[in-house]
Every structure is written in structure tokens, then in C-alpha cells.
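This report goes through the backbone, the salt bridges and the nonpolar cores of one structure. The sequence and the model come first.

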Amino acid sequence: MNKLAVSLLVALLPALMNAETPKAKKSGMPEGFHELKIGDAAPDFDLIGIDEEKHTLKDYEDADLFMIAFLSNHCPTSQAVEGRIKKLVKEFKGKGLRLVAINPNDPAALRPDELGYSKYSDSFPEMKRHAEEQKFNFDYLYDGDTQKTALAYGCLATPHVMIFDKERKLRYQGWLDDSRYADEATVTSPDARNAIEALLDGKPVPVTETKPHGCSTKWLGKRDQVVTDNDKWEKGEVEVEWIDAKGVAALRKNDTKKVRLFNVWATWCGPCVKEFPELVATSRKFGLRDFEFISISMDDPKELPAVKAFLEKHNAIVPDKLKPSLKAEGRKGNAYLFNEASSEALIQALDPEWPGPIPHTLVVAPGGEVIFRHNGEIDGDELRAKILEHMGRFYLPEQTP
């Protein structure tokens, strides 16, 4: 190597040593995902809000502190922190804090059973309804179509919060606090609140980074998983068994921790056939929770093959989560054909308040309490709302999710 080359190498060596190596894409994240570091500038955004107005970073430039909370309609952890976020906004109103929530999720990347804690999915129209019902006191923006903002900010989950100072430099990111429950008494480390108070007081942030916990961001690429899940349901087999009044009474007693949805129907009953897709949709929605849909056919017992064909055509299969509990109970499935002559015996075993005609629907809590009953064709939204009202939108301390 000649002297000129050596001189150039010596001159360039400090720059080469200090040069940043390209950041590796975070494992499992889509192309374009950028993980913000403390001190990084807030990326710009241009998103539609539930007020039908466009919102950009510049719209919040007057605030001393700017907080982004990535939230979603469907996630139980996200729903659980909504009350505490509303409280933050109220307490710090006029004190220099502006907060905006952003929904990062692609609604088409959500499986039906991922909606078991929510009334709504993550679409833009449903964001409006959810925000209105929950009385949001902050802007709620939609990023699900392109997810450019979620990628630029490195949104890992809902909820995931980030707090920026007056110069819009990142000073805190991670969880809102350490509790996944709605009850504020379960919070032991309110790190986002601590960061806000410290920054407004001109003090160092006590903890600058925590790990967000909640539901992973539903990226556009996860649509394939939804397709795979749908294929499984469409190709699934249904096991149909005969059942008598004694068997129905045992199920109706509900000596389990599951909520049970009973529906009495027949292939020859027009309203039964019409409403059946709503029952299957309900079964899929609550497929990851302690819930089961039990269908009882009033067809002629010798029509069992036709009943089986109908149920398979409408994808009335048993969710995977339910299979271990059925096995423990000694049951093959959750589809039955009543094989006694007397309809009255079935009425007395299932629901003495049932007037007789079908379809008839009964929802029973663990221990046998009636949550909902309806004779005639059901409204699927009403049915699911009643079930969700009982089961809850978020985890409770005594529950295991």
C-alpha cells in the first residue's frame, strides 16, 4: 500500500468508526417499520379523524407536550386503559398537553375470534361509533388503510404511547402504565403520567422506556392468516349426536365456567335457516373466550345426515379452544338432534318460559342464570351485545385471559 493510500485511510478511519450501521428490521415486522429511539423527532403524519377532518403533526404545534396513544376498538387491554387516558386529558387540559389517539390496525387482518372482547371491529365507521359510546375527549385518527404512521412510529401494539417535548423529540415511550385492567387501583407504575408531570415541571423523565403490552398491531400482511382461518372453518366437519330431555337438562344446568348459547331449530323452519349464520358468527366471535354455541335440531331423528350437512354448509364447527373442555365432559361436539316424541319434555328441560314455536334462543351463564332469551328470529347484533355485556370488554383481575 503506498503512502497516499495509507494517509487517506488514516484520515477516514474516525468517520468509519463512528458511522452508524443500518438498523436491522425488528424481527417479524413489515418492511418500512422504524423503531423510534429516545431523542428522535416525531415523524409527520396526515390522517383522517373521526371528525372527518385531516390531522397533521403541525396541527398540534402549540402544545408544550404532545402524546400519541395508539389504540384500537377491539383490544381488551386498549379498551381497559381508555378511562385512564380520558382522565389524563381532563386533568392536564390547559396545562400544555395535547393527546391524539391513532388506530393503526387493518380491520381485514383481524380474525372473527379476535373480536371477542369488543362490540366493534377496527374499521373507520366503527371507530366513530366506539368513540361516541365511550365519550372520547381526544382526537381519534385512522391509519389502517396504509399504516404509514404506525410504521414510521414503530407501533408494536395497542395500546402503545409516545410522549414528545416542545421540540417534538421523543422523551417517553411504552405502556401507559403497568396494568392491563380497567380498575385504576391495579396500577402500580403510572409511567406515562410520571413522564408528563416531569416534563411539565422541567425535570428529567424518571423512566423513559417501558414495554407496551396489549394486542399486536394488525399489519396488512396478516390478512393471509384470516384467509387460512376462514378455510379451516369452511372445511371443518360437524359431529351430530342424538339427545334426550335428560341430556338437555344436564347441559342447561351449565356446571362449567362457560357461557352457553342454546338454539332450537330445524332445517324445515324458514326463520331458523335465516338466522343461523348469525349464530355461527356469534360462535366465531367468542371463539377464544369461555363460550359455546349448542344447537338442538327438532328434525325427524332419521334426518341426522341432512342436519349434519346443513351445519357443515353453515360452518357450525367447534372452535379449537372449546375442544379440550368438550373432551373433559365426555362430549363429541356441540350439535344435537332431539330424539324424544314430546316437545314439552324439551321445553321443561331447557326453558319452561319458551312458548313453543321455533326458533328459540337461550343464553345461560355458568351456574344456569339466564342472560338472554328470545323466541323467533334473532337480531345478531342484539344477541352479541347481550353476551358481551355479561362477559365484559376487558380482563378482570380475577380472570385468566
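## A salt bridge at K274

K274 is exposed, with a relative accessibility of 60%; exposed means over 50% relative accessible area, buried under 20%, and partly exposed in between (1.4 Å probe, protein chains only). Its salt-bridge partner is E377, and the closest N and O atoms of the two are 4.0 Å apart. A salt bridge here is a side-chain nitrogen of Lys or Arg within 4 Å of a carboxyl oxygen of Asp or Glu. E377 lies in the loop between β15 (370-375) and α12 (380-391), while K274 is in helix α8 (residues 270-285), so the pair ties together parts that are 103 residues apart in sequence. E377 counts as partly exposed, at 36% relative accessibility.

The helices (H or I, at least four residues) and strands (E, at least two) are DSSP runs, numbered from the N terminus.

## Basis of the model

This is a predicted model, in which local features need pLDDT of at least 70 and side-chain atom pairs count only at pLDDT 80 or more, while totals for chains, interfaces and linings use all residues. Residues are numbered from 1 along each chain as its sequence is written, and side-chain values use heavy atoms, with hydrogens and water left out.

## Other salt bridges

The whole structure has 34 salt bridges. In one of them, the side chains of E278 and R384 meet at 2.8 Å, N to O. E278 belongs to helix α8 and R384 to helix α12, so this pair links distant parts of the chain, 106 residues apart. E278 is partly exposed at 30% relative accessibility, whereas R384 is buried at 14%.

R331 and E292 form another salt bridge, with 3.0 Å from N to O. Since R331 is in the loop between α10 (323-328) and β13 (335-338) and E292 is in strand β12 (residues 291-297), the pair ties together parts 39 residues apart in sequence. Both R331 and E292 are buried. Elsewhere, salt bridges that share partners join D229, K232, R284, D320 and K323 into one network.

## Nonpolar cores

A nonpolar core is a set of buried Ala, Val, Leu, Ile, Met, Phe, Trp, Tyr and Cys residues joined through side-chain atoms within 4.5 Å. The largest has 50 residues, and F276 and L311 touch the most other members. Strand β11 gives the most to this core, with five residues.

Which residues is F276 in contact with, leaving aside its neighbours within four places in sequence? They are N263, W265, F293, S295, F310, L311, H314 and A316, where contact means heavy atoms within 4.5 Å. Another core, of 27 residues, lies apart from the largest one, and L71, V89, F92 and A195 are among its members. In soluble globular proteins, nonpolar side chains tend to be buried together.

## Backbone features

Two cis peptide bonds can be described. One joins T158 and P159, with omega about 5°, and P159 is in the loop between β6 (157-158) and β7 (160-164). The other runs from I358 to P359, with omega near 5°; P359 is in the loop between α11 (343-350) and β14 (360-364).

K135 has a positive phi of about 55° although it is not a glycine, and N254 also has a positive phi of about 55° without being a glycine. K135 is found in the loop between α3 (124-134) and β5 (139-142), and N254 in the loop between α7 (245-253) and β11 (259-265). Are these residues buried or exposed? K135 is exposed, with a relative accessible area of 64%, and N254 is buried, with 0%.
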